[in-house]
Amino acid sequence: MTTQFKESIETALNNGNLTGALGRFSEAYRISRAKAYEGIDFEAVRDRIAEIKGSASSRFEELAEQFKQKAESRGAKVFRTADPDQVKQYILDLAKAEGVKRVVKSKSMASEEIHLNAALEKAGIEVDETDLGEWIIQLAHQTPSHMVMPAIHMTKEEVAEVFSQEVEEGQTPNIPKLVKFARAKLRPKFLQADMGITGANIAVAETGSLVIVTNEGNARLVTTLPKIHVAIVGIEKLVALLEEIQPILTALPRSATGQLLTSYVSIISGPVPNPDGSPKELHIILMDNHRSDMAKDPKFKEALQCIRCATCLNVCPVFRLVGGHVFGKTYTGGIGTILTAWFDELKKAEDIQGLCIQCGSCVPLCPGKIDIPGLILELRRRLVVEKGQSLAMKAIFGVVNNRRLFHSMLRMASVTQKPFKQGRFIRHLPLFLSDLTDFRSLPAIAAVPFRDMVKAIVQPKGGDKVAFYAGCLIDFAYPEMGASLVKILNKAGIEVVFPDDQTCCGAPARYNGAYEVAAQNARENIKALLETDVQYVVSACPTCTVALKHDFIDTFKSLGVTDPLTLAEAEKVSAKTIDFSSLVKKLVDAGRLTFKEGEALGKITYHDSCHLKRTLKASGEPRALLQQAGHEIAEMYECDTCCGMAGSYSLKLPEISAPILERKLKHIKDTGASKVAMDCPGCVMQIRGGLDKDGAPIQAEHTAELLSDRFL
Amino acid sequence: MNATLEAFKTRAEAVSAEVHRFTGRQEALAFILGFLREAGVSAAPQCGAVWVAGTFLDGTVQAELHSQVPGISFDVTQEASAAAKVGVSQLDWAIARTGTLVQDATAVEKRLVSSLPPIHVALIGTDRILEDMGSVLQHLRPDQFNYISFITGPSRTADIERVLTIGVHGPEQLLIVVVDEFDRVTP
């Protein structure tokens, strides 16, 4: 990451106004969104949107041509171009030919994308944004930080200051007054403008219609008062049929602002009379700018299903800390990272793609059904292919790729860590490593790894067999979690085998874009896990479980592996893989495990790990087990929000990981519970380490540890 | 009150519109004139009301309305609308599910009176309230009309600190007058 980028993160994190405003917004957003969707089958709506937009992006050329013909037959002029410079030239030529001196605009991200205002101003044309947020950032000489609320990063005090400096002195930070001021100052601009420029939220090929969604009413004025209307429309806004606007109009206002419908929706399908009775000139520019390249990419085509609602910004635990400006000048947040890589260039996304913590919070809420973290991972992979891995990462993966070397280094670490070790923790590391122990203690490497420990456990023989995939953290830092798992499964009469050749699951390599390394890890693990005949492969680490269940196959496919045997074996491992709580719940339900009766174990709170809840869809199982054991669950606020660990993310961006953890700890403490349970050793590392630094008398435990003594 | 009307009223009021329902036209007209007077509509500058005449006024003598509330003008221009306090227009359809009014707004006058003055009085027949957007689009097809407007509550913004503020560039007050016997001339 560049120093400049790191500095922009630092600046954002230190901006209390920004993090305060975004934090409060992210909390209110979830509530208003949920309320707006009451009585609506969101899954059905988004299935439909994904289908509509997915189908449209498969035939942009056809739809764009149909739109052009239809709109032109009704009197509009339609200009199609792939090139942003031609969009600007077209508007400049038109302005010159028609003697345009003043332009009013309603919000258009497409015009932001091509930096239209600068081009118009350079030609001596006065341009005024009329959406309040856009006007504020125009006056402040800034760029939008959010697709829906461009000025969300500014306080009323800052807005008053901008108005005072740029428009008229003496404005006070009173929001209704500031809004009235904007109305009064912009009204003459609307009345005097010669040209109105808008974007469009949807373009309907069947009827040649533009659908424009606003709340302030500025788009109605921009499309009514000036004699020329120019609409700049990215071709990803095309849909085939009129009826297809309905699911989009159902989701867009609900997901964007928690409204059932925005104050105004205008459907413009042809020129209309001007106030003086003359016919309005309607120009529609269909802009490609790499959208059709994207449509041809089998992975990134999906991103064209975006309806620009900004949900992925609003629910992102990183966005709410750093805001939009660190992402760049136009599109921000998760989807913005992807759009920047395509509309601008891949290189521009190099730093910002690293901001995605891969928690998956945006995935279940995206109305376009876009796997945003998945696509960001794909960007990461392509960047590594294009630019290569950094030397430091290469060195690390060189080690991880060699199991014997990797494991002997871990064993060595248990000795060399001694000067820093205090009980089960490492609380301070020297020099550049100190960032890692600033906000949380790290676990000490265990003296005896699980792979050695397991050999001493006497287990039942002759019954069912299950293979245990420990993963590096349980194997080398938390072997007691593995021992708990074995103890519980033994109670069900199951023998737990530990294939010694298992190695790192490959997640660290994969999440850093090093797919070749991940594939090598996958091959070794598949071989090791298929050596013994077992009913299940169980893991007590959700990230490892996801690797075994989904990522091995996906990594192979991404690398173009077609060998049927490799893929079949990966499928076999996938089919057998199960997470700890889901397996234990099955055993309890089948009567193979029985809880001790009448235990009152007190109040506990549960933290949902990202991969367990959102990829493996297990959130009820651990809770049910803990309750059956005798715990009372006191749910924490935002129980399924990421703890900030995310593997190497917390090493690369500790400045973001730390405040995310801080929020998590606060929510844990607020429950008043003396224990917090979770199913992921990575989350235990982060949360236990955070609680240790914090000094709060709360125990962070893996569910396996909490359940180990609870069965008869 | 029928269920559709009730749903419409609930939704429209939830987004800060005011909904008044009348059985007959005369009753509704008397209410509107009273409202205009109360709003301070007069012949004085910046105090006018611009009214796009529609079927609601069939059989009504416009001059008579003007004599009752001087300041009402049926000659809708950009200048008159920009200077007016109130705009009055007839809407074509409404959507119960979202509290939305819908209109073929191809005629510029209809857009001027509902976007420039700070108050918009919207007239709609009770039988014009349909369940959802799909039903309305069956009647008001964009392949037949060049400008269709959907209006849901007054103009609003939350662009400064996400604080909801009513009335930015469009009306800050939306008064919806629902009339059962909308097109029938009552003696």
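## Ground rules

What you have here is a predicted model, where local features need pLDDT of at least 70, side-chain atom pairs count only at pLDDT 80 or more, and totals for chains, interfaces and linings use all residues. Residues are numbered from 1 along each chain as its sequence is written, while chains are lettered from A and ligands numbered from 1 in the order in which they are written.

## Chain B on its own

Chain B has six helices and 12 strands; helices (H or I, at least four residues) and strands (E, at least two) are DSSP runs, numbered from the N terminus. Its radius of gyration is 16 Å, close to the 16 Å that the globule rule gives for 187 residues, so chain B is as compact as a globular protein of that length. That radius is taken over C-alpha atoms, and the rule is 2.2 Å times the number of residues to the power 0.38. Along its principal axes, the C-alpha trace of chain B spans about 50 × 40 × 35 Å.

Of the 187 residues of chain B, 53% count as buried, meaning that 20 or more other C-beta atoms, placed from the backbone, lie within 10 Å of the residue's own.

## Where the chains meet

In chain B, 38 residues are in contact with 50 residues of chain A; contact calls for C-beta atoms, placed from the backbone, within 7 Å. On the side of chain B that touches chain A, β9(B) gives the most, with five residues. By class, that side has 15 nonpolar, 16 polar and seven charged residues. Here Ala, Val, Leu, Ile, Met, Phe, Trp, Tyr, Cys and Pro count as nonpolar, Asp, Glu, Lys and Arg as charged, and the others, Gly among them, as polar.

## One sheet, two chains

Eight strands make an open sheet with mixed pairing, in the order β8(A)-β5(A)-β6(A)-β9(A)-β9(B)-β6(B)-β5(B)-β8(B). Strands pair if DSSP finds at least two bridges between them. The edges are β8 (238-239) of chain A and β8 (129-130) of chain B, each pairing on one side only.

Between the chains, β9(A) and β9(B) run antiparallel and are joined by five bridges; Val265(A) has Phe150(B) as its bridge partner in β9(B). Within chain A, five bridges also join the antiparallel strands β6 (residues 209-214) and β9 (residues 264-268), and Leu210(A) has Ile268(A) as its bridge partner in β9(A).

How values were computed: Buried ≥ 20, exposed ≤ 12 C-beta atoms within 10 Å, placed from the backbone. Contact = placed C-beta atoms within 7 Å.
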